[in-house]
Amino acid sequence: MRILLAEDNPSLGPNLKKSLEKYHYAVDLLTNGEDALASSLSTPYDLLILDVLLPSLNGFEICRKLRDHKRTVPILILTALGEVDQRVTGLNLGADDYLVKPFAFRELEARVRALLRREGSSKSSLLSFLNITLDTATHEAKRGERLITLSSKEYALFELLMRHPRQVLSRTMIAEHVWDFDAEHFSNVIDVYIRYLRNKLCAEGEPNVIHTVRGTGYQLKEPEE
């Protein structure tokens, strides 16, 4: 899942980015409101975390402009402005949740998971396909009873596939949701991680469920007979 974090605090922003990445999210950090708006209009983010007091364009204005453009991406407002009127303003402009600084990171991460789950096809933290399961709360992946250990990028790729079973995912869509601004979006990088994931899912001779759609991308679907 790919997140845009708009936060201009020179210590909080990088710390939140690093902490969220430990939970397997791809995070783009921006410190300017105009840049955050432009990026959120051009990139299919799964979630936006917006500070209110941003240079050039505040978080409330970003939220309003996105909703005016009919963008339905979940928005979490993150700010030191804790008065009731401020919270109501943010929610009335289309924000989905509101978290007041200072806060515990585990609360932020729980709210992020809740918002992403709300947008997904399942309200549960457990994603399943055939005998494969992924718990997005504990990050535990299994095939049958076998635990599967995944790297951060393998997990992010696996979660994207599990959230879109039987759907053909293009390399562009995979890159946009799994990698951030700092990544090299080359097709061979995606191919390498698909191979890593296949090897782990089929480590004990199980049939392959990640299929290559030639010239397009990949699809999680039932094994071919």
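Author: K70 is exposed, because its relative accessible area is 69%, where over 50% counts as exposed. This is a predicted model. K70 sits in the loop that joins helix 3 (59–68) to strand 4 (75–79). Its phi is positive, near 65 degrees, although K70 is not a glycine. Most residues other than glycine have a negative phi, and most peptide bonds are trans.

H24 also has a positive phi, near 75 degrees, and is likewise a residue other than glycine. Its place is the loop between helix 1 (12–22) and strand 2 (26–30). H24 has a relative accessible area of 14%, so it is buried, the cut-off being under 20%.

The peptide bond leading from K101 into P102 is cis, and its omega is near -5 degrees.

Three strands form an open sheet in the order 10-12-11, paired antiparallel. From one strand to the next the twist averages 30 degrees. Four bridges link strand 11 to strand 12 (residues 217–220) in the antiparallel sense, and T212 stands opposite Y218 of strand 12. Across strand 10 and strand 12 lies helix 7 (residues 171–178), which runs at about 75 degrees to strand 10.

Conventions: Residues numbered from 1 in each chain as written. Predicted model: local features only at pLDDT ≥ 70, side-chain atom pairs only at ≥ 80, totals over all residues. Heavy atoms only, no water. Pairing = 2+ DSSP bridges. Helix = DSSP H or I, 4+ residues; strand = E, 2+ residues; numbered from the N terminus. Axes fitted to C-alpha atoms, helices over the stretch in contact; angles between N-to-C directions. Contact = heavy atoms within 4.5 Å. Buried < 20%, exposed > 50% of the residue type's maximum accessible area, 1.4 Å probe, protein only.
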